[in-house]
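Welcome, and please have your viewer ready. We will go from one selection to the next and say what is there.

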Amino acid sequence: MKVLEYLPLFLFCLIVSTQSACTKYDEGAPSLKSKKNRLAQKWNVDQALVVFDDTSNYELDVTPEWLNGSIEFTKDGGYEMNQFIYEDPTVTDPTAVFKVETKGDWEFFGKKKQIYTNEHVVEIKVEDNTILEEYDIERRVWYIVKLQKDELYVKYYTPGNDIQHYEFQLSPF
């Protein structure tokens, strides 16, 4: 019967240790679902910013450039990002002028607080499907600020560019 006496204390300690062990990010509630399972899905871009890291701290809202765009991480390490650039994104039914297709792979690093992506990027003129530019980006670093099953907040720097970074607030597609 002495075991039952310590059961509430044991349960309290278990809950406290689980909550502190299940969260790694600066923002976000603890979760028992693995980081990979929370990340591995197709995400809709709710907000996209370009932030200049010089003394100005200027932010440029580029969310309209992500209308109908998506970012997808798969459980097997696949990665895909699609972005559409519109002639006028403020009209009711905008016409896409350019499409940026990105495919590659991803992996966690830095205690699963960061992601590397290796990317093959193709920029396409939508009107006639002409490829305008094609290039690779190796080991792009994404910083996970918040990761929940229904919300992802990340930022990334393009390799070789220390002046600006991109920030995305995402929700499931």
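Start by selecting Lys 99, which is partly exposed because its relative accessibility is 21% (buried means under 20% relative accessible area, exposed over 50%, partly exposed in between, with a 1.4 Å probe and protein chains only). This is a predicted model, where local features need pLDDT of at least 70, side-chain atom pairs count only at pLDDT 80 or more, and totals for chains, interfaces and linings use all residues. Residues are numbered from 1 along each chain as its sequence is written, and side-chain values use heavy atoms, with hydrogens and water left out.

Next, select Glu 151 and Lys 146, whose side chains form a salt bridge at 3.0 Å, N to O. Is each one buried or exposed? Lys 146 counts as buried at 16% relative accessibility, while Glu 151 is partly exposed at 30%.

Move to Glu 127 and Lys 125, joined by a salt bridge at 3.8 Å, N to O. Here Glu 127 is exposed at 69% and Lys 125 is partly exposed at 30%. The whole structure has four salt bridges.

Four residues separate S5 and S6 in their hairpin, and Gly 110 in the turn has a positive phi of about 60°.

Definitions and conventions. Two strands pair if DSSP finds at least two bridges between them. Helices (H or I, at least four residues) and strands (E, at least two) are DSSP runs, numbered from the N terminus.
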